[in-house]
Amino acid sequence: MPTSAPEQPIELDISNVAHGGIFVARHEGRVVFVSDAIPGEKVLARVTDARKKSFWRAETVAVLEPSEHRRDHVWAEASVDRDPTERAGGAEFGHIALEHQRTLKHRVLSEAFEKFAGGPAPAFTVEAIAGDDEAGGRGWRTRVRLHVDENGRMGPYAARSHRVVPVTSLPLATPRLAELVELDALVEGAASIDLIDPSGSDALLCVGPDDLAAAGTVIERVGDRGFAVDAGGFWQVHRGAAATLTEAVQRAIDGALFEPRADNLDLYGGVGLLAAAVQDRFGDTVRMTSVEADAGATRHARRNLIAGNIEAETARVDRYLTNLLTRLSPVERRAFRDATVVLDPPRAGAGTQVTAQLAQLEPAQIVYVACDPVALARDAGAFAASGYELTSLRAFDLFPHTHHVEAVASFVRA
């Protein structure tokens, strides 16, 4: 087995897709993770990272035998025809037919469960969002950050680098955002440009972090509800994501197990989207505490959830659960067994501490919204080891032309 990277590109047969939007091949016994490929293809690839003994990283420089699923890249500036250092990042599946993108995302999520959750996932499909297929997976992104290089040129970073790639189009951005910015303009005095297209407010172009902070609050609408959120705060980026996840969480809760007067929890609650989803399904009698570490988001949640019996607290979730476990009396601990917990953790997942704390509290059911397949599978394995059964799994293609996939999983106490 060679110990250093070859100087010339190597031919590789792509065998699989891996988590993170990369593809798998082997070269002289070593695993090679390759970008811009598709399983079944033969490509010519340049090795870019040979520091690990067990694997290399490489970038496709030419496609020798293309897959039937290969398409012209949705973003010309990210095409395999360009040198890898000049390819725009953020659309790493843009060379793959949309339906096959979902097949690959299904494979990644399924294999994550096999490897990390201790068993297969329930049957599921990766569901398209209404309108995406008709639009070719374009025009869905409501928030875009562009970076500015030392010459004042704006653009996305190249994949896996901080090199700014000037572009002439933003195909994944909503039409309002695509029309908002002159991509060939030069920028002075800022390192970034933020484009924001809220569903209930005017579109914004913010030059630099101070401008973004000064933009204040925008309104996002989901059905009949309006949600205030900081212009630079977290909100689901796909134009249809908030409505999709609202419906998915509502369906994921087993109504026969739901007790409105229990100490129900919405963890990593943000500005209150999922707490509102629970309230809208079960009514104003629902008791629920939404827990969020970001104080600004909590302030908005208190206003967004003003009706009914829902409270919002600023706290790290692990610390909140530690305090909860400490202060609950034995009677209150038994009563908590009637509770429903909804959680939407960051990409790293809830993790071992939070999953263990929830297992100690023994809620009747847990509904988990996940943006990372491996993190979800690991946490699902932890719940299974603690006596919870995975009863349903849905996945959504909220990020067309990227490797990302969103999932909603339901667990009940066995």
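The legends below describe close-up views of a predicted model.

Local features need pLDDT of at least 70, side-chain atom pairs count only at pLDDT 80 or more, and totals for chains, interfaces and linings use all residues. Residues are numbered from 1 along each chain as its sequence is written, and side-chain values use heavy atoms, with hydrogens and water left out.

**View 1. The largest cavity holds about 60 Å³ of space.** A cavity is a set of points, on a 1 Å grid over the protein atoms alone, where a 1.4 Å probe fits but cannot get out; its lining residues have an atom within 4 Å of a point. Grid points are joined across faces, edges and corners, and the volume is the space filled by probe spheres set on the points. The model has two cavities of 30 Å³ or more. Among the residues lining the largest cavity are His19, Phe93, Lys105 and His403. Its lining consists of five nonpolar, four polar and one charged residue. Here Ala, Val, Leu, Ile, Met, Phe, Trp, Tyr, Cys and Pro count as nonpolar, Asp, Glu, Lys and Arg as charged, and the others, Gly among them, as polar.

**View 2. The second largest cavity has a volume of about 40 Å³.** Its lining includes Pro345, Arg347, Tyr368 and Asp372. Strand 18 (365-370) and helix 10 (373-385) each give at least two lining residues, and the largest share, three residues, comes from strand 18. Helices (H or I, at least four residues) and strands (E, at least two) are DSSP runs, numbered from the N terminus. Eight of the lining residues are nonpolar, one is polar and two are charged.

**View 3. Strand 12 (residues 217-222) and strand 13 (residues 225-230) run antiparallel and are joined by six bridges.** Two strands pair if DSSP finds at least two bridges between them. Val222 has Arg225 of strand 13 as its bridge partner. The hairpin has two residues between the strands, and Gly223 there takes a positive phi near 60°. In a regular strand the side chains alternate between the two faces of the sheet. In strand 12, Val218, Glu220 and Val222 make up the covered face, while Thr217, Ile219 and Arg221 make up the uncovered one.

**View 4. Four strands form an open sheet in the order 9-8-10-11, with antiparallel pairing.** Strand 9 (154-155) and strand 11 (204-207) are at the edges with a single partner strand each, so one side of each has no neighbour in the sheet. Strand 10 (residues 192-196) pairs with strand 11 over four bridges, and Ile193 stands opposite Val207 in strand 11.

**View 5. Arg394 and Glu127 form a salt bridge, with the closest N and O atoms 2.9 Å apart.** Arg394 lies in strand 19 (residues 388-396) and Glu127 in strand 7 (residues 126-127), so the pair ties together parts 267 residues apart in sequence. A salt bridge is a side-chain nitrogen of Lys or Arg within 4 Å of a carboxyl oxygen of Asp or Glu. Arg394 is buried at 17% relative accessible area, and Glu127 is partly exposed at 24%. Buried means under 20% relative accessible area, exposed over 50%, and partly exposed in between (1.4 Å probe, protein chains only).

**View 6. Arg225 and Asp280 meet in a salt bridge (3.0 Å, N to O).** Arg225 belongs to strand 13 and Asp280 to helix 5 (residues 273-282), so the pair ties together parts 55 residues apart in sequence. Arg225 is buried, at 18%.

How values were computed
1 Å grid on protein atoms, 1.4 Å probe; cavity = no way out; pocket = protein on both sides within 12 Å on 5 of 7 lines; lining within 4 Å.
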